Amino acid sequence: MVEHVVFDNEKDELVIPALAPVYEKLAQPMAWSIFRLAVGGMLVIEGWPKIIAPFAQVGFVENIGMYPGWFWSPFLAALQFFGGMFIAAGLFTRPVALANGVMLAMTLWFHVTHPYGDAFLTPAGIEALKAGGQQLFTPQALVRLKDGGHIFLEQVQGKAELASLFWTGGAFLYAAFGGGYLSLDRLLFRKHF
């Protein structure tokens, strides 16, 4: 039974007031839970390669000013992977989502301030691309890389920025409002952390 409504749906503010119970007892709990699973699941999926090789990003984290890299690389891997599990389950949701939100905001900042280069291929690569009878590129790759990969890298950059923005906002949403109706926080502690 729903005891606490995260976003109040006052009947007199709705176009169709009769739908208020549907919003409060079905739509809102399901949306809150499904999006929490998506945010947590994405963190788990993206964190898995980092958990397998926890020191693989030592150079990267030191490059953005986080020293010592041997500490921060495995710490951030664990935060992302295990934090994603906690968010998906709705356990200690607010502090874990806040920590991941900060990490994701740093990722967003990195994507914005360190865009991909202007070309994917070197001049020799472009010549190989244009050579007749070549077997190195598929027809789709020929179209995508005809300008050396400039448009392709712009698309990759845009997707990286938008994905980072979306997941950062999702993490901060749960940091602000908690795990919601179908969370372990609510089930085990009857509270939102």
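Let me start with the aromatic rings: in this predicted model, the structure holds 13 aromatic pairs. One of them joins F71 and F75, whose ring centres are 5.6 Å apart and whose planes stand at 15°, so this pair is stacked. Both residues belong to helix α3, where F71 and F75 are four residues apart, about one turn of the helix. As for accessibility, F71 counts as partly exposed because its relative accessibility is 37%, and F75, at 39%, is likewise partly exposed.

The pair of F92 and F189 has ring centres 5.7 Å apart with the planes at 35°, so here we speak of a tilted pair. Since F92 sits in the loop between α3 and α4 while F189 is in helix α8, residues 184–189, this pair ties together parts that are 97 residues apart in sequence. F92 is partly exposed at 30% relative accessibility, and F189 is partly exposed at 33%. Elsewhere on the list of rings, W32, F35, F166, W167, Y174 and F177 are linked by ring pairs into a cluster.

Now to the helices on either side of that loop. Helix α3, residues 69–89, packs against helix α4, residues 93–113, at an angle of about 135°, and their axes are 9 Å apart. That angle is why α3 is described as oblique to α4, and the crossing of the two is left-handed. On the α3 side the contact involves L76, L79, Q80, G83, F86 and I87, which meet V96, A97, A99, N100 and M103 of α4. Sorted by class, this contact of α3 with α4 comprises eight nonpolar residues and three polar ones, with no charged residues.

Notes
Residues are numbered from 1 along each chain as its sequence is written. This is a predicted model: local features need pLDDT of at least 70, side-chain atom pairs count only at pLDDT 80 or more; totals for chains, interfaces and linings use all residues. Side-chain values use heavy atoms; hydrogens and water are left out. Axes are lines fitted to C-alpha atoms, for helices over the stretch in contact, and angles run from 0 to 180 degrees between N-to-C directions. Angles under 35 degrees count as roughly parallel, over 145 as roughly antiparallel, 65 to 115 as roughly perpendicular and the rest as oblique. A crossing is left-handed if the near helix is turned anticlockwise from the far one by less than a right angle, and right-handed if clockwise. Contact means heavy atoms within 4.5 Å. Ala, Val, Leu, Ile, Met, Phe, Trp, Tyr, Cys and Pro count as nonpolar, Asp, Glu, Lys and Arg as charged, and the others, Gly among them, as polar. Rings of Phe, Tyr and Trp (its six-membered ring) pair if their centres lie within 6.5 Å; planes under 30 degrees apart count as stacked, over 60 as edge-to-face and the rest as tilted. Buried means under 20% relative accessible area, exposed over 50%, partly exposed in between (1.4 Å probe, protein chains only).
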